[in-house]
Amino acid sequence: MLLFAVVILYTSSLLCDCYRLDDAVSGKRNYTYMDAVASILGGVNVKLCGIFQHVSLVGVAIGYTIAASISVMAIKRSNCLHEKGGGKECNMSSNPYMVGFGVIQVFLSQIPDFDQIWWLSIVAAIMSFTYSTIGLSLGIANVAETGKIKGSLRGISTGTTLTQTDKVWRNSQALGDIAFANSFSIVLIEIQDTIKSPPSEAKTMKKATRISIAVTTTFCILCGCTGYAALGDKSPGNLLTDLAFSDPFWLLDAANAGIAVHLVGAYQVFSQPIFAFMEKQALQRFPRSQILKKEFKVPLLPGFAPYNLSLLRLVSRTSYVVVTTLVSMLLPFFNDVVGIIGALGFWPLNVYFPVEMYIKQKKITKWSGRWVCMQILSMACLVVSIVAVVGSFAGAFLDLKKSKPFHY
């Protein structure tokens with residue numbers, strides 16, 4: 001986790017410097033990640049960037065839909081276990097909760113632009129801090145209560161139920177999960193575009209990045225270590241949703257509610273670049289279409305200006321939410337999905353493109369000491385990504401063999 005944090009901290013700093021061309025204050029702006037790649041690298045890099053970025057963003061939306069539904073289902077199951085003591089009545093499907101999450105996203109997706117969802121980001125950040133603190137506190141309380149630190153530095157024990165090969169696959173998949181947790185670079189340029197200068201967008205974004213990486217990494221390490229110390233080899237994929245801590249159940253319910261609310265906002269943050277891309281492509285392909293440009297004024301509450309409902313926005317964004325929801329119902333394995341998406345997007349979007357753009361923009365001499373070091377970093381991260389991709393696909397394949405579509 002620390003190594004990933006250091007790499008992302010460095011490469012995100014490089015990416016921040018690519019928001020403007022040549023001059024950090026007065027240079028030409030790049031409004032999106034693809035704009036930056038197009039203006040600095042050009043050629044086939046633009047198409048590759050678009051493929052990796054959009055696949056990653058769609059994957060994030062699918063992962064968040066799965067995670068939100070599992071959290072809501074965990075609340076329902078927790079209450080059922082305490083009321084009825086378990087049994088078949090407490091076995092339930094996550095599909096209705098995925099549909100409910102999708103309905104909420106259909107409405108929120110009609111928010112026109114990235115800079116208008118700032119309030120969702122604040123709510124999501126508060127919820128993230130809340131459920132992380134609860135998870136950490138439960139782990140510490142469990143260790144204090146039992147007086148034992150479970151687990152070992154070698155990790156989960158191998159035996160009849162878990163072979164050494166299975167452990168290798170799990171470790172590889174874990175690399176993808178960690179990469180996913182540090183995947184904000186895929187929307188970094190888009191977020192930076194909402195920042196007002198002075199002193200400069202790059203300086204402000206770098207400061208925000210340092211703080212966010214420090215906080216995220218600290219919480220991830222603390223929650224992971226205390227959870228493993230409390231539960232040892234029985235640690236589940238998700239400490240809060242898999243009911244690893246059964247009491248106090250109301251506190252678990254609060255944490256899972258926080259996860260769901262956080263993911264409602266996070267879904268929108270990572271979907272806005274996709275929305276903007278789809279609508280831009282539609283208008284470029286049919287520039288004379290009046291239907292695509294048609295807007296309807298929808299009255300809101302008294303005292304509020306009417307909402308301009310775009311037909312293009314309504315159809316395209318609703319279709320996107322429907323598709324991601326359906327795919328989530330087909331692949332309801334959160335750890336597998338985020339492992340695959342994190343592994344696929346980590347090297348190209350978080351390392352390769354930032355490094356190559358920075359080298360070209362700053363005119364770093366080929367085969368110089370700095371150039372060689374940056375290339376070594378890039379190649380090392382490529383190897384890590386390949387290992388994570390293989391492990392994540394292996395985990396997903398094994399889970400798919402045990403699953404029936406739409407029956408999870």
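## A buried pair and its salt bridge

Arg20 and Glu201 are both buried (under 20% relative accessible area with a 1.4 Å probe and protein chains only; over 50% is exposed, and partly exposed lies in between). Their side chains come together in a salt bridge, at 2.9 Å from N to O (a side-chain nitrogen of Lys or Arg within 4 Å of a carboxyl oxygen of Asp or Glu). This pair connects distant parts of the chain, with Arg20 in the loop between H1 and H2 and Glu201 in helix H8, 181 residues apart. Helices here are DSSP runs of H or I with at least four residues, and strands are runs of E with at least two, numbered from the N terminus. Arg20 and Glu201 also belong to a salt-bridge network that includes Arg29.

A word on where the values come from: this is a predicted model, in which local features need pLDDT of at least 70 and side-chain atom pairs count only at pLDDT 80 or more, while totals for chains, interfaces and linings use all residues. Residues are numbered from 1 along each chain as its sequence is written, and side-chain values use heavy atoms, with hydrogens and water left out.

## Other salt bridges

Side chains of opposite charge can pair when their charged atoms come close. How many salt bridges does the structure hold? There are four. One of them joins the side chains of Lys206 and Asp17, again at 2.9 Å from N to O. Lys206 sits in helix H8 (residues 201–231) and Asp17 in the loop between helix H1 (2–16) and helix H2 (33–40), so this pair ties together parts that are 189 residues apart in sequence. Asp17 counts as buried because its relative accessibility is 17%.

Another salt bridge brings together the side chains of Arg317 and Glu279, at 2.6 Å from N to O. Arg317 is in helix H11 (residues 311–330) and Glu279 in helix H9, so the parts tied together here are 38 residues apart in sequence. Arg317 and Glu279 are buried.

## Helix H9 and its partners

Helix H9 (residues 249–285) crosses helix H3 (residues 44–84) at roughly 160°, with their axes coming within 8 Å. The axes are lines fitted to C-alpha atoms, for helices over the stretch in contact, and the angles run from 0 to 180 degrees between N-to-C directions. H3 and H9 are therefore roughly antiparallel (over 145 degrees; under 35 is roughly parallel, 65 to 115 roughly perpendicular and the rest oblique). Their crossing is left-handed, a term for a near helix turned anticlockwise from the far one by less than a right angle, with clockwise being right-handed. The contact of H3 with H9 is made up of 21 nonpolar residues, eight polar and one charged. In this scheme Ala, Val, Leu, Ile, Met, Phe, Trp, Tyr, Cys and Pro are nonpolar, Asp, Glu, Lys and Arg are charged, and the others, Gly among them, are polar.

H9 also crosses helix H5 (residues 118–146), where the axes come within 8 Å at roughly 145°. The crossing of H5 and H9 is left-handed. Residues of H5 that meet H9 include Met127, Tyr131 and Leu138, and those on the H9 side include Gly258, His262 and Gly265. By class, the contact of H5 with H9 has 15 nonpolar and six polar residues, and no charged ones.

Asn182 is found in the loop between helix H6 (164–181) and helix H7 (188–192). It counts as buried because its relative accessible area is 8%. Apart from neighbours within four places in sequence, Asn182 is in contact (heavy atoms within 4.5 Å) with Phe4, Ile8 and Asn350.

Asn335 belongs to helix H12 (residues 334–361) and is partly exposed, with a relative accessible area of 29%. Its contacts, again leaving aside neighbours within four places in sequence, are Gln173, Asp177 and Gly237. Leu330, in helix H11, is partly exposed at 36% relative accessibility. Leu330 and Asn95 are 235 residues apart in sequence but 9.5 Å apart in space, C-alpha to C-alpha.

## Positive phi angles

Which phi does Asp22 have, although it is not a glycine? Its phi is positive, at about 65°. Asp22 lies in the loop between H1 and H2 and is exposed, with a relative accessible area of 66%.

Lys363, not a glycine either, has a positive phi of about 55°. Lys363 is placed in the loop between H12 and helix H13 (369–401), and it counts as exposed at 66% relative accessibility.
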